[in-house]
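Opened the notebook for a quick look through one model.

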Amino acid sequence: QVQLVESGGGLVQAGGSLRLSCAASGSIGRANTMGWYRQGPGKQRELVATITGAGSTNYADSVKGRFTISRDNARNTVSMQMNSLKPEDSAIYYCNLKGYLITDSWVDYWGQGTQVTVSS
């Protein structure tokens, strides 16, 4: 039973920056990956960035060099600094936590999403 709450979305001009944060609460297992996904209008939800408990990161090619994901394991939070924002970054950003099970599977938890709008 995990709850995720995002914050930090907003409106920014192209080239600007935003920082998204997500706080997880509940029964969080030690083995988990946290990350951010986004979904623009009429588009599929896509992975933006993930980070493991050990700090290993993975980024979508479209955001490499511009976005930086980080986490605080003690506080069960994940943040993402987004720099050099582009209009195509506009989307609802969802916080995700993958709780890995003993079996070859995991369970996904999702936040409600926070809107990021980048104006040109």
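My entries on this predicted model follow, one topic at a time.

**Entry 1: the sheet.** I began with the strand order. Four strands make up an open sheet, running β1-β3-β8-β7, with antiparallel pairing. I then looked for the edges and got β1 (2-7) and β7, each of which pairs on one side only. From one strand to the next, the twist averages 15 degrees. As a reminder to myself, strands of a sheet pair through backbone hydrogen bonds, either parallel or antiparallel.

**Entry 2: β1 against β3.** I zoomed in on this pair. β1 and β3 (residues 18-26) are joined antiparallel over six bridges.

**Entry 3: aromatic pairs.** How many aromatic pairs are there? The count comes to two. I wrote up the one between Tyr 37 and Trp 110, which is edge-to-face, with 5.0 Å centre to centre and 70 degrees between the planes. It gets that label because planes over 60 degrees apart count as edge-to-face. Tyr 37 belongs to strand β4 (residues 32-39) and Trp 110 to strand β10 (residues 106-110), so the pair links distant parts of the chain, 73 residues apart.

Buried or partly exposed, I asked of Tyr 37? Tyr 37 is buried, since its relative accessible area is 12% and the cut-off for buried is under 20%. Trp 110 comes out partly exposed at 33%.

**Entry 4: an arginine over rings.** Next I checked what else sits by Trp 110. Arg 45 lies over the face of Trp 110, at 4.5 Å from the ring centre. Arg 45 also lies over the face of Tyr 94, and there the distance to the ring centre is 3.9 Å.

**Entry 5: positive phi.** Asn 76 is one of them: its phi is positive, about 55 degrees, although it is not a glycine. Where does Asn 76 lie? I found Asn 76 in the loop between β7 (67-72) and β8 (77-82). Asn 76 is partly exposed, with a relative accessible area of 23%.

Ser 84 went on the list too, with a positive phi near 50 degrees in a residue other than glycine. Ser 84 sits in the loop between β8 and β9 (91-100). At 41% relative accessibility, I logged Ser 84 as partly exposed.

Terms used. Residues numbered from 1 in each chain as written. Predicted model: local features only at pLDDT ≥ 70, side-chain atom pairs only at ≥ 80, totals over all residues. Heavy atoms only, no water. Phe/Tyr/Trp six-rings, centres within 6.5 Å; stacked < 30°, edge-to-face > 60°. Helix = DSSP H or I, 4+ residues; strand = E, 2+ residues; numbered from the N terminus. Buried < 20%, exposed > 50% of the residue type's maximum accessible area, 1.4 Å probe, protein only. Lys NZ or Arg CZ within 6 Å of the ring centre and 35° of its normal. Pairing = 2+ DSSP bridges. Axes fitted to C-alpha atoms, helices over the stretch in contact; angles between N-to-C directions.
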